[in-house]
Amino acid sequence: MTVNLRKLTAALSAIMLFAASYNHVSAQDDKQIAAEVVQMGTSDLKKEAMALVNDKNYVAARPYMLELIKRLSESEDKKLRDNLPELYYFVAYSYLQEYELNKSPDFLKKAAEGFDKIINDYPEGEFGINSVNMKADCLMGLKKPVDAVNTRERLLQQPFVGKLNFNEQLDIIRKNALTLYSIPDFKEGEKWFQLFMERAKTIDDKVLAASMLIQAYEGTAQYDKIKPLFKYMTSDTYARSDIRLNISFLRAGDALVKAEKYSDAMLFYSMVLPRDVVLKNLDRFIALYKNRLARAKRLGSGSAVETELNVLLGNLESQKKIVSDIADYSVDIMARLARNYYSTNRNYESYWSYKQLLSNFPDHPNIQDFYYAAVAGAYAVGKKDDMFKIGSEYLEKFPDGDYVNDVKIRIAQYYLDKKEYDTFFNMAKAFVEEDPEEKYSVEFVFLMGKTWIEQGNYAELTKTFENYVSEFEDTPIIEGCLYWMGLAYLGQTDFKNAVKCFSKLCEEFPMSVYAQDAMYRNGVAAFGMGDFEKSRSVFEGFIDSYPEHELRGEVEFFLGDIYAGVGAVEKAMKHYMSVETYTKNMAFIDNAYSQATKLLHTFERYDEEFNLMSSYAEKFPKGNVSEAYYSMARAKELLGFPSDALNLYINTIRNCGNNPADDGVDKVILDFKRLYDANYDKLKATIEFLKDLLSTKAKTVTVEYNGEKIKGVPELLYYMIEVPAKRYRYFEDHPLLDKGLYQKFKRDSRYGAALYKDRTALKELLAQYEHQLATYPQGGADATLKKLLEEAKKDNKTTLAYRLMMGLDNIGQPVKTDKSFTDDDIKKSSVRTLVWIGKQNYKYGADAARKAFKAALDRDEIEYRIDVMFALAELEEQEKRWDEVIKLYAQIERDFPTDDKAAIAAIRSADAYAKLGKRKEAYDKYEYILKVPSYRGEPYAEVLYKLGEIERAEGHTDKALMWFDRCYLGFANCYKWKGKAVLAALKLLAAQDRKAEARVICDEFINDAKNKASPDYEAVKQYRLVL
Amino acid sequence: MKLLKFAAFFFAALFAGLLSAQDQQSSQKNPDRSYVGDYSDKPSEIMLVDAAANKERKVTLKSSSAKDFVFADSAGGELTVPKDTKTFHFAVHGGENWNRARAAFNRGNWNEALVYMRPVVYPLLQYTPFSEETFRVHGYVEMLITALLNDERLVEAEALVDALPLGDSPLIVPAALEVANALADAGKVESAMKIVNRVSLSADEPDNIAAYMKTLDRIRLRGVSKDLLMCYTKLSNMNGNPQKDVATLWMIYCDMSLGNNMSAQVYLSSLKVPQDSEEFSLSQMLKGMYKEVEKKIPDALDMYAEGIVFGKISSDWMPELLYKTGMAYKKSKNFVAANEIFLQINALYPNSVFAPKAKAEFVKIEKPKKTEDEE
């Protein structure tokens, strides 16, 4: 009895899945048939059974088959017994058919038992594999999936596996994996999922296997095992859209976030597909597989392929229905991603994520959180316009929202960035005044204070914050108000009020964030006020309290200045030298060295001054080295080593002269001639003097020293040592002598009476001076500078060459230039050189000159800025651009209020008014000058004279005389203006026929020999003749 | 490739179970070379099918022209069949060779499958101008190509494709493009491009276009060339092409890679890509690249980030987009974010060319030492 197994197998699934109507046999019929079959012959039995089987009526055929089994089992004929497996198979199958009719699980059990018989007794037969599959299906029907899996597993062992090809084996593995997956039983399933993954060939299967494994591992928190499977998750297959897989990712992400493993959590979250995407994908795959099914039908691929596609489509449709019923979780995953982006510093993605949430879920209960996060995110990535837009939208929608204040502060900062100051300040003030207790009010105060300081709007700052201090006492904003007020007062050099504010802050709010800085500022304010004792106390307290503070270096500097101010040289030096230990701020370090140098210079500790600057040059080769050399040279000069000083100058010029930014070199060049000339004659005179002291040919005396009478001591030496009045007179009468010698004789014991016996010290001194003279640069200052100029030209050191030309011009040795200096030349020149270049360029036009001056003003250097401004003002004066002239001189006064030349600028601007015929303005300006204490001296004399001239021109003789009187009487040492004032007064008096008065004044002037220094002395003398 | 795999399954399903045991016959591995010449003069008997009468008649190919085939039957009669016929149908019976070939194929025994496939399939190559409905030869060819690629016989595969008229067959074109993919992966970009340039595409075969695009992707990862730009341009100009926008974007990408930034900018500014489309993230990547050319790194980051947020991790260009974003963060000194992205690339796309690049860019970040107070 053979049946086409192929056809039968193909029909099995259909039978299991779809109900078929079979002929039903009743219980009563059973008994009757059972009785009949026993009576039947074997052939009849076979015939009957065959007929029923061919009709697919396996239930009815069963009694016949059972009887046949009974008889064949007893047969000794092997050929007959070989039919048994087939009979057993169909008997078992008949129970399956019966199950389909009445759904009793007993039939499934019986079927399973039947198939089991074949599996155990006839595994190698042709029904073996199918029996295993059938039994497994029965167990599935009995809801024993694990048993079904175990049953199918047998197919992967001998003798079954040898009959199965690769794909068939894979089918079994897939089936088992799917079975356990669908329960789900991940514990049992894991091994099958692994096997499926290993054996899968297609990407669809790989992804399916990966999906199963991921869910299994997620269930047991084995997240590290999931990571190698991620690579499959980027493939676009139907398994990827399994909703359970995506939920797994979500859960894993949450667990990792809880464990603060944000990086790993991000990976999992990024895997989650939103519900809509899942649905879209499912639709897409359903369409795809429907196409494939149509194609398979068209190509006649076979029912197995079509069945598989149908099953798959069925699954996809079921999934789609399930997913459609699930609530949309997109917002949850988006929010998680957004938060995770933030946690991992991916600020841009964070911003876009929150923005996405805002637009997609405007009615979400957490919408305010999204708004705030989007605002913060936009701010973090610099999308300020977006931040403003979102923030404004939030404020409009949620005027009482949870984040109103947070958003307001950001919007305020936005206005600041956009320089919409009015809007900002209005907003800030409204905020603070509404609720000064609010934490953001503190921030607003900070922003307001900072902005006002930057704008220099001190008045508004102090007015507003004073108001707040009195109105909102005991609120958190007071500290900030005091601090910024203090700064504002400092900015206005109102040190008294500054001290008041900072002191109050430090005393009442010692733990404030402003406290440390305020303490420092307090010290600075006290310093500015001249209360050095308080300043010292504050600064020393600062060091005690905050020894590691970043401002410690600055504090050390100020303490240095304070101690220097009271002449405590050692303490001052200690602090100055500490500055570089506590700060890297070169400006302060340079200043510290500069102040220390000045201090040592003031106390005539030239040796130390030299060593200090030498040490600076070594430590900071990129610092103000030329300034250091300048100071070292001055020290050398005063120590009596002018040649060394000159050589230091020469080296400075050579080594630093080609750097246009190094102003110190200009200083050196401009001082070169003075140093050279002043010391050359001095050296010669001093050498002669020393020779005289050592000479045996000069007049000698006998002196007593240590009880001993010593003969032959030069009288001059005796006077130097023993007779202070003579010593003083001698040096007064010989001004060229090195004043250092005077001090030596006065204070240095080596230059005392011991010299009577042993003149070694003098000899050494003489040798020193003679050596200096011998090594003195030859030819004069101009020859030396010219030589350096030739060297610079030869070495193509343009900057240095121009500098030297400037220097030569300055000492009346101009070098002829026949070109206009170009932009390139200007770029290469120092600021001081540009002053000269501007004047040279004037030959080629005012604009060419202006270019040079403007280039100088655009530089950041201060040293010679005033010279540039003067030069430019002179140019504009020549060009008769008086407005510019007045503007420039006014700017000089403003920018350099303490400079000696500020007075000159003031006078020149008054002169400009006068030249313009604006007598009133000129007059007012001159009068103003007389009220500025720092202008006292020669400038006053000039102004008094000029006021007299104005009055004289207007015919106000008495007033004119009054001014002239004040000039020559009040400023008797200002010979230039004294002489002019006297002459002008004499003329006025003569004109008024007050010659007697005029004669008195004239004689008094002429008879004072000192007045010969006045350029108008001879003119006055001449005028006396006409009186 | 999915069609290829399906066809393989289809044949396996048809014939599964016929063979009771694994065929133990093994053959020595033949050299990887062209076998086209070996079978060029081998006759191939095919059957002319009379569906109405349910009969088949053996015919032999007598001659072939550009438009027709001329067959002779056993009775000496001649039959001229146009190559684009829809009325005639033919069949071939592979015989025992084919059975063995299928069995070996199903077992994954590629070398053995090839030994049996060659004498059946090579003589059928001349019939590939017929449509699949007229004569199911395309499926045979596709199977042969699959076996060749699985057995890593690139030389033979290339020669086979070279001998084929590619046309727009939905079975042959994807298979030929798989060969191109393999060539590209092996660094033989020129050979891959040769195949690509022979493929004719039409909007009616979207699967072919999809396969073609994937091949261009593989070639592009090896380096951008003018030829590649031409291919994308062609696709960008094809009416009805469902991937027109993506092609345009890759065309822009190639333009930028070749330094034609002005041209790229013109196209980029005129292209409007909706935020909810898959291509949006690609367009953002390109906009970001343009910003990088302008040295505007924060703007570039902004573009890239928007692309990531609205993009899909399954998009082919996502590894590159992530890489560029990571590098932009690195240039901005945000090493935490950069490292985060480099890790993500290695976790999600370990086989991508950007995975080792990302790993090489990882920055070691020193954790700040805690102060005593913090401790």
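Two residues are in contact if their C-beta atoms, placed from the backbone, lie within 7 Å. Helices (H or I, at least four residues) and strands (E, at least two) are DSSP runs, numbered from the N terminus.

The structure is a predicted model, in which local features need pLDDT of at least 70 and side-chain atom pairs count only at pLDDT 80 or more, whereas totals for chains, interfaces and linings use all residues. Residues are numbered from 1 along each chain as its sequence is written, and chains are lettered from A and ligands numbered from 1 in the order in which they are written.

**Chain A and its helices**

Chain A contains 55 helices and two strands. Of its 1027 residues, 42% are buried, where buried stands for 20 or more other C-beta atoms within 10 Å of a residue's own, exposed for 12 or fewer, and partly exposed for the range in between, with C-beta atoms placed from the backbone. Among the contacts in chain A with a separation of 6 or more, 52% come from residues 24 or more positions apart.

Helix 11 of chain A covers residues 186-199, and its 14 residues should span 20 Å at 1.5 Å a residue, which agrees with the 19 Å between its end C-alpha atoms; the expected span is 1.5 Å times one less than the number of residues. The buried residues of helix 11 of chain A are A:Gly189, A:Glu190, A:Trp192, A:Phe193, A:Phe196 and A:Met197, and they pack against helix 10 (166-182) and helix 12 (203-219) of chain A.

Two packed helices are described by the angle between their axes and the distance between the axes. For helix 10 and helix 11 of chain A, the axes come within 9 Å and cross at roughly 145°, the axes being lines fitted to C-alpha atoms over the stretch in contact, with angles that run from 0 to 180 degrees between N-to-C directions. Where the two helices meet, helix 10 of chain A contributes residues including A:Leu170, A:Ile173, A:Ala177 and A:Tyr181, and helix 11 of chain A contributes residues including A:Gly189, A:Trp192, A:Phe193 and A:Phe196.

**Backbone exceptions**

Most residues other than glycine have a negative phi, and most peptide bonds are trans. Two peptide bonds of chain A are cis: one joins A:Gln158 and A:Pro159, with omega about 5°, and the other runs from A:Ile183 to A:Pro184, with omega near 0°. A:Pro159 lies in the loop between helix 9 (145-153) and helix 10 of chain A, while A:Pro184 lies in the loop between helix 10 and helix 11 of chain A.

A:Asn345 has a positive phi of about 65° although it is not a glycine; A:Asn345 sits in the loop between helix 18 (330-343) and helix 19 (347-360) of chain A and is partly exposed, with 19 other C-beta atoms within 10 Å. B:Asn54 likewise has a positive phi, of about 55°, without being a glycine; B:Asn54 is in the loop between strand 1 (46-50) and strand 2 of chain B and counts as exposed, with 7 C-beta neighbours inside 10 Å.

**The sheet of chain B**

In chain B, five strands form an open sheet in the order 4-3-2-1-5, with antiparallel pairing; two strands pair if DSSP finds at least two bridges between them. Strand 4 (78-82) and strand 5 (90-91) of chain B stand at the edges with a single partner strand each, so one side of each has no neighbour in the sheet.

Strand 2 (residues 55-64) and strand 3 (residues 68-73) of chain B pair over five bridges, and a hairpin joins them through three residues. Five bridges also join strand 3 to strand 4 of chain B; these two strands form a hairpin with four residues between them, and B:Gly76 in its turn has a positive phi of about 90°. The table lists residues that stand opposite one another or are bridge partners.

| Residue | Partner | Partner's strand |
|---|---|---|
| B:Ser63 | B:Val70 | strand 3 of chain B |

**The nonpolar core**

A nonpolar core is a set of buried Ala, Val, Leu, Ile, Met, Phe, Trp, Tyr and Cys residues joined through C-beta atoms within 7 Å. The largest one holds 402 residues, of which A:Val375 and B:Ala176 touch the most other members. Helix 36 (residues 663-694) of chain A gives the most to this core, with eleven residues. Leaving aside residues up to four places away in sequence, B:Ala176 touches B:Val161, B:Leu164, B:Leu166, B:Ile195 and B:Val199.
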